[in-house]
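This briefing is for a reader who is new to the structure shown below. It starts with one side chain and then widens to the rest of the chain.

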Amino acid sequence: NNGCKNTEGSFECVQCMSLMTCKKVTGAVNGAITDIMTVDGYLYAFSSYHIDVFEITETNELIQVSGDIVDGIPIYIKDGLLFVLNEKKHELFIYSTENNVNFDKVGSVNMTIVMNVYIDNAMLYVIGLENEYDDNASYYIFDISDIADPQKKGAYLFENTNTNNSFVKDGYAYISTDNRLIILDVSDPLNPVDVTNASLEKTGSLGMDMNGNYLYLAGHHDEN
């Protein structure tokens with residue numbers, strides 16, 4: 001488990017192996033960091049048009065293994081794939097990260113703005129705007145079994161709400177907005193269906209994760 005914060009050109013993380021064993025680790029990169037993710041023993045520091053990769057050792061030291069230029073802002077990494085948004089070109093680029101040294105562009109989907117990306121079983125789930133004239137975000141589903149030629153399957157339109165996070169498990173998508181938790185049945189990618197929703201009016205949602213049958217939401221308390 002990790003907790004990270006970043007500033008201009010550097011970051012600081014707390015890496016915990018157990019509830020009683022935590023250690024602070026730090027690193028430096030070129031430029032302003034936009035986000036940090038840890039996956040399978042590696043820490044990825046995102047910045048505009050660049051990504052830095054660090055190996056996390058057994059003693060919680062960071063060893064930089066690579067740094068590479070990418071065509072946009074990195075926003076998500078999972079299952080050997082890095083997703084990079086280029087708003088000027090209206091594309092979400094997909095890079096292969098198998099060796100963590102050379103990042104090779106392998107595919108793309110048309111997307112102007114992206115709020116959230118998630119992968120589950122060769123399906124790509126994107127919350128975003130497909131073009132700059134859209135008034136509201138949608139939940140797009142792409143089949144990426146052929147990564148060089150992603151196929152859009154279905155979409156669900158959100159009306160008058162800001163979407164923040166999503167998680168997919170066992171054919172259901174859990175999506176948090178500023179004031180609601182929305183659950184979609186996505187077992188048929190061509191036709192995502194709203195199953196139920198719950199109010200988050202008093203807390204909102206800043207982060208979300210799932211463990212077993214429990215969904216955890218991090219939010220803020222509204223005194224009003």
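**Glutamate 91 and its surroundings**

The side chain of glutamate 91 forms a polar contact, at 2.8 Å, with the side chain of serine 108. The model is a predicted one. In it, glutamate 91 lies in strand S8, which covers residues 91-96.

- Glutamate 91 is buried but has no salt bridge.
- Lysine 89 is the nearest side chain of opposite charge, and it is 6.6 Å away.
- Leaving out residues up to four places away in sequence, glutamate 91 touches Val84, Leu85, Asn86, Ser108, Val109, Asn110 and Met111.

*The chain as a whole*

- The chain has 19 strands and 0 helices.
- Of its 224 residues, 42% count as buried.
- The chain exposes about 12,100 Å², and 45% of this is supplied by carbon and sulfur atoms.
- Taking contacts between residues at least 6 apart in sequence, 31% join residues at least 24 apart.

*Nonpolar cores*

- The largest nonpolar core has 39 residues, and Phe83, Leu92 and Tyr139 have the most contacts inside it.
- Strand S11 (residues 123-129) gives this core its largest share, 6 residues.
- A second, separate core has 11 residues, including Phe46, Ile51, Val53 and Leu82.
- Leucine 92 is in contact with Ile75, Phe83, Val84, Leu85, Gly107, Ser108, Val109, Met111, Val114, Val117 and Val126, with neighbours within four places in sequence left aside.

*Residues with positive phi*

- Tyrosine 49 has a phi near 65°, a positive value in a residue other than glycine.
- The place of tyrosine 49 is the loop between strand S3 (42-47) and strand S4 (50-56).
- With a relative accessible area of 35%, tyrosine 49 is partly exposed.
- Histidine 90 has a phi near 55°, also a positive value in a residue other than glycine.
- Histidine 90 sits in the loop between strand S7 (81-86) and S8.
- The relative accessible area of histidine 90 is 28%, so this residue counts as partly exposed.

Key
Residues numbered from 1 in each chain as written. Predicted model: local features only at pLDDT ≥ 70, side-chain atom pairs only at ≥ 80, totals over all residues. Heavy atoms only, no water. Helix = DSSP H or I, 4+ residues; strand = E, 2+ residues; numbered from the N terminus. Buried < 20%, exposed > 50% of the residue type's maximum accessible area, 1.4 Å probe, protein only. Contact = heavy atoms within 4.5 Å. Areas by Shrake-Rupley, 256 points an atom, 1.4 Å probe, with all protein chains shown as cover. Lys, Arg positive; Asp, Glu negative; His and termini not counted. Salt bridge = Lys/Arg side-chain N within 4 Å of Asp/Glu carboxyl O. Polar contact = N/O pair within 3.5 Å; in protein donor to acceptor, adjacent residues only side chain to side chain. Core = buried A, V, L, I, M, F, W, Y, C linked by side-chain atoms within 4.5 Å.
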